[in-house]
Amino acid sequence: MRTSPLTLALGATLAAALLTPLTAAPANAAAAKYADDFNGDGYRDYAYASYSAGRGGSVAVVFGTPSGPGTTVAQRISQASTGVPGADEADDMFGEVRAAADFDKDGYGDLAVSAPHEAGSYGVNQGAVTILWGSPKGLSTGTTLPNKNADSHNSMGKDLATGDFNGDGNQDLALVNGSVTYVYRGPLTRSGTTGTVTKLDKETSFYSTALISGKVDGDGKTDLVIIGDVVTTEYIASDAWFVKGGSSSLTPGKSLRLESENTNGGSTDRGGDGVIADFDKDGYGDIAIGTPLYSKHKGRVSVWNGSSSGPSTSTRITQSSDGVAGTPESYDNFGWSVSAGDVDGDGYKDLAVGVHGEEIGGAAYAGGVHILKGRSSGLSGTGSQWFARNSSGVPGALTEDDFFGYLVRLRDTDRDGKADLLVSGNVSSLRLPGSASGITTTGVTKIAEPPVDGYLQ
């Protein structure tokens with residue numbers, strides 16, 4: 001899942017380009033090991049939004065290597081690219097939201113890409129979602145999904161999430177379209193055909209804004225968490241709605257209130273970045289959701305613990321929680337970006353939490369990143385780590401409006417069994433390696449210089 005970014009022309013991107021050959025060993029008929037291995041060479045690739053290649057936006061692709069991120073963009077794909085449907089029109093925002101999966105099970109990862117501001121026969125901002133297909137040379141050609149809720153301002157593809165929700169071995173795609181969630185069953189094909197499409201709507205005052213997918217209850221099928229606005233005359237709130245995956249149908253379940261405020265000064269489209277991971281190693285996925293708008297943008301993370309019957313108890317973590325560095329301050333935006341991975345190889349998933357609004361040493365919006373550790377008792381602030389520009393070993397000057405931590409990702413880039421921290425900032429974007437003691441600045445590398453054409457994703 002990825003929510004829409006702030007409307008800030010931040011000249012930084014998480015993923016630098018990678019310099020590897022455009023050819024790769026042929027993939028076999030089995031599904032790709034990594035959903036984002038677009039060229040089938042066995043290494044995870046990276047895709048981010050770039051808005052200069054065409055007026056309507058584009059996707060920049062960098063290929064993975066044995067040593068992790070490199071330095072050169074391999075591909076830029078827009079609606080002006082050969083084989084990609086649609087027209088490159090101003091403000092389409094093609095590539096703003098992306099989700100990877102091997103939709104056709106040919107051994108190459110594919111990429112679902114939204115253009116939420118695409119105009120159509122129903123008017124402006126109708127939106128569109130295109131599947132870009134993987135190949136030995138990376139992403140090439142595309143197929144547009146049928147729009148099941150076409151209307152102006154519905155912004156089809158406002159958010160995306162992938163998973164095998166019915167356990168049939170095919171990757172499905174969930175998307176937000178007009179404040180309602182639709183699940184397109186796989187296989188998704190190059191001819192444009194899909195399986196059945198399921199509409200998920202509470203038909204109350206709940207408006208879908210963001211999606212999270214993962215395995216919560218241990219039955220092997222992907223579950224879906226829909227984050228949505230709850231709007232009444234008294235308050236505006238944000239809820240997480242659990243929908244259980246199943247062989248015959250998706251089953252709506254319970255909801256968790258994430259945050260709420262009265263309507264005076266409140267704002268809709270509250271979103272929330274989230275991830276599902278097993279932080280206590282009990283075999284069930286836990287749902288971690290950041291709500292940066294909480295308490296005048298101080299922000300917090302809600303952890304909804306998984307069990308055999310789905311999500312159960314919940315805990316809340318802020319910068320006032322024991323072991324978490326700093327103090328909650330307005331516009332810190334704790335939890336704007338979150339990501340899970342095992343940074344120390346102990347078998348417990350850990351959580352990176354971006355705090356891009358953190359003021360440090362008088363530098364407003366300098367930003368930073370917390371690493372919260374998983375353990376048998378669950379995720380907490382105990383033993384957490386904190387990284388900012390003024391941390392020992394972190395390169396780059398402490399600068400106002402760096403927004404360090406605007407996007408954080410934990411992934412094992414060098415396949416040593418420990419997740420590395422990728423963190424974006426305007427001064428530079430960095431890779432901090434994982435180690436037996438956690439994230440370390442030993443061996444830290446820059447993975448991107450600020451591109452003049454990039455918006456932070």
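Aspartate 414 is partly exposed, at 27% relative accessible area. In this report, buried means under 20% relative accessible area, exposed means over 50%, and partly exposed covers the range in between (1.4 Å probe, protein chains only). The model is predicted: local features need pLDDT of at least 70, side-chain atom pairs count only at pLDDT 80 or more, and totals for chains, interfaces and linings use all residues. Residues are numbered from 1 along each chain as its sequence is written, and side-chain values use heavy atoms, leaving out hydrogens and water.

Aspartate 414 meets arginine 431 in a salt bridge, with N and O 3.0 Å apart. The arginine sits in strand S26 (residues 429–432) and the aspartate in the loop between strands S24 (408–411) and S25 (420–423), so the contact ties together parts that are 17 residues apart in sequence. A salt bridge here is a side-chain nitrogen of Lys or Arg within 4 Å of a carboxyl oxygen of Asp or Glu. Strands (E, at least two residues) and helices (H or I, at least four) are DSSP runs, numbered from the N terminus.

Arginine 431 also forms a salt bridge with aspartate 420, the closest N and O atoms being 3.3 Å apart. This pair links strand S25, which holds aspartate 420, to strand S26, which holds arginine 431; the two residues are 11 apart. Both aspartate 420 and arginine 431 are buried. For arginine 431, the relative accessible area is 8%.

## Other salt bridges

The structure holds 11 salt bridges. One of them joins the side chains of aspartate 104 and arginine 190, at 3.3 Å from N to O. Aspartate 104 lies in the loop between strands S4 (98–101) and S5 (110–114), and arginine 190 in the loop between S10 and S11, so the pair ties together parts that are 86 residues apart in sequence. Aspartate 104 is partly exposed, at 23%. Arginine 190 is also partly exposed, at 40% relative accessibility.

Asp36, Arg44 and Arg411 are linked in a network of salt bridges.

Strand S22 spans residues 368–373; six of its six residues are buried, so it is largely enclosed by the rest of the structure. In a regular strand, side chains alternate between the two faces of the sheet. In S22, Gly368, His370 and Leu372 point one way, while Val369, Ile371 and Lys373 point the other way.

S22 has a partner in S21 (residues 350–355): the two run antiparallel, joined by five bridges. Strands count as paired if DSSP finds at least two bridges between them. Leucine 351 stands opposite leucine 372 of S22. S22 is also antiparallel to S23 (residues 380–387), with four bridges between them. There, lysine 373 has serine 380 as its bridge partner. S22 and S23 form a hairpin with six residues between them, and glycine 378 in the turn has a positive phi of about 105 degrees.

## Backbone features

A cis peptide bond joins glycine 186 and proline 187, with omega about 5 degrees. Proline 187 is in the loop between strands S10 (180–184) and S11 (197–200).

Serine 155 has a positive phi near 50 degrees, and it is not a glycine. Serine 155 lies in the loop between strands S7 (140–144) and S8 (160–163). At 15% relative accessibility, serine 155 is buried. Lysine 296, not a glycine either, has a positive phi of about 60 degrees. Lysine 296 belongs to helix H1 (residues 294–297). Lysine 296 is exposed, at 61%.

## Glycine 306

Glycine 306 is in the loop between strand S18 (300–304) and S19. Glycine 306 is buried, with a relative accessible area of 7%. From aspartate 282, glycine 306 is 24 residues away in sequence and 8.8 Å away in space, C-alpha to C-alpha.

## A negative surface patch

Glu329, Glu359, Glu400 and Asp401 gather in a patch of negative charge on the surface. Glutamate 329 is in the loop between strands S19 (314–317) and S20 (338–341). Glutamate 329 is partly exposed, at 33% relative accessibility.

Patch members have over 30% relative accessible area and no salt bridge; like charges are joined within 9 Å, and nonpolar side chains (Val, Leu, Ile, Met, Phe, Trp, Tyr) within 5 Å. Asp and Glu count as negative, Lys and Arg as positive; His and the chain ends are not counted. Each charge is placed at CG of Asp, CD of Glu, NZ of Lys or CZ of Arg. Accessible areas come from the Shrake-Rupley method with a 1.4 Å probe; for residues, only the protein chains shown count as cover.
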